[in-house]
Amino acid sequence: MLDRFSRSEIIFGREAMERLAKTHVAVFGIGGVGGHALEALIRSGIGAVDIIDNDKVCLTNLNRQIIALNSTIGMYKVDAAEQRMLDINPDCKITKRCEFYTPEAAENFDFTEYDYIIDAIDTVSGKISLAVNAEKCGTPIISSMGAGNKLDPTAFEVADIYQTSVCPLARVMRHELKRRGVKSLKVVYSKEQPVSPFESAVQISKEENPDSKRRALPGSNAFVPSVAGLIIAGEVIKDICFSRN
């Protein structure tokens with residue numbers, strides 16, 4: 001009997017599809033990378049997803065974020081994501097947490113309840129905290145490194161954090177995780193050197209957030225963060241389907 005996942009079952013098999021339906025994944029950050037990862041999970045048959053983000057959809061998200069539409073501008077991203085994901089698979093259990101993840105907020109999460117964690121947040125402190133807590137609980141995690149100011153979606157690789165190169169964010173993460181005794185972290189990172197932004201970047205940053213002390217926001221596009229997100233989702237799905245027999 002046909003269902004929404006019949007074409008996936010052809011290559012995954014019935015047992016794997018049943019495993020996916022029983023899987024609980026947490027997606028921290030549902031922007032350009034996390035939003036695409038989330039949708040790929042839902043379209044692959046993941047049964048339960050927690051989405052964690054406190055931002056609202058804004059005009060400048062339209063160029064890259066899959067949940068960003070003219071009709072969703074002003075909505076909390078978790079609300080826009082829930083609406084879209086349930087339109088794809090109404091049977092998926094989605095838990096929304098409209099909050100900004102910080103190391104201080106870690107005590108509010110039970111990381112043992114997740115079968116997999118996706119880290120698609122921007123802050124180094126938050127990414128470190130997720131990696132530390134995931135390792136402590138023995139929960140698989142995959143983390144997105146820098147995707148801003150990049151133009152080549154073919155430059156992404158999947159590796160352990162200690163095998164990465166070029167990416168400035170990965171370099172900081174390697175140093176900080178080593179200090180904390182984290183032995184391994186699966187990441188998606190790019191070997192592409194960041195491009196230099198045009199002078200308009202500073203003005204755009206001031207218009208987006210007049211109170212920010214940041215000199216310029218990173219540039220982005222429709223095809224780099226989306227590819228990173230899809231690679232992440234693919235790694236999660238493959239690990240669940242084929243690495244845990």
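Biologist: Hi! Which order do the seven strands of the open sheet have?

Modeller: Hello! This is a predicted model, and in it the order is β3-β2-β1-β4-β5-β7-β6, with mixed pairing.

Biologist: Thanks. Which are the edge strands?

Modeller: Those are β3 (93–97) and β6, and each of them pairs on one side only.

Biologist: How many degrees are neighbouring strands turned against each other on average?

Modeller: The average is 20°, with direction ignored.

Biologist: Let's stay with β6 for a moment. In which sense do β6 and β7 pair, parallel or antiparallel?

Modeller: Antiparallel, over five bridges. Within that pairing, Asp160 stands opposite Lys186 in β7.

Biologist: Lys186, okay. Which residues are linked with Lys186 in a network of salt bridges?

Modeller: Glu235, Lys238 and Asp239 are linked with Lys186 in that network.

Biologist: How many salt bridges does a search of the whole structure find?

Modeller: The search finds 15. One of the pairs is Glu157 with Lys191, where the closest N and O atoms are 3.6 Å apart.

Biologist: Where do Glu157 and Lys191 lie?

Modeller: Glu157 is in strand β6 (residues 156–160), while Lys191 is in the loop between β7 (186–190) and α7 (200–208), so the pair ties together parts that are 34 residues apart in sequence.

Biologist: Nice. Is Glu157 buried, partly exposed or exposed?

Modeller: Glu157 counts as partly exposed, at 32% relative accessibility.

Biologist: Now a helix. Which residue forms a salt bridge with Glu176?

Modeller: That would be Arg179, with the closest N and O atoms 2.8 Å apart. Glu176 and Arg179 are three residues apart in helix α6 (residues 168–179), so about one helical turn separates them.

Biologist: And does Glu176 count as buried or exposed?

Modeller: Buried: the relative accessibility of Glu176 is 17%, which falls under the 20% cut-off. Arg179, in contrast, counts as exposed at 58%.

Biologist: What about Glu9, which side chain does it meet in a salt bridge?

Modeller: Glu9 meets Arg14, at 2.3 Å from N to O. Glu9 is partly exposed, with a relative accessible area of 26%, and Arg14 counts as partly exposed too, at 40% relative accessibility.

Conventions
Residues are numbered from 1 along each chain as its sequence is written. This is a predicted model: local features need pLDDT of at least 70, side-chain atom pairs count only at pLDDT 80 or more; totals for chains, interfaces and linings use all residues. Side-chain values use heavy atoms; hydrogens and water are left out. A salt bridge is a side-chain nitrogen of Lys or Arg within 4 Å of a carboxyl oxygen of Asp or Glu. Buried means under 20% relative accessible area, exposed over 50%, partly exposed in between (1.4 Å probe, protein chains only). Helices (H or I, at least four residues) and strands (E, at least two) are DSSP runs, numbered from the N terminus. Two strands pair if DSSP finds at least two bridges between them. Axes are lines fitted to C-alpha atoms, for helices over the stretch in contact, and angles run from 0 to 180 degrees between N-to-C directions.
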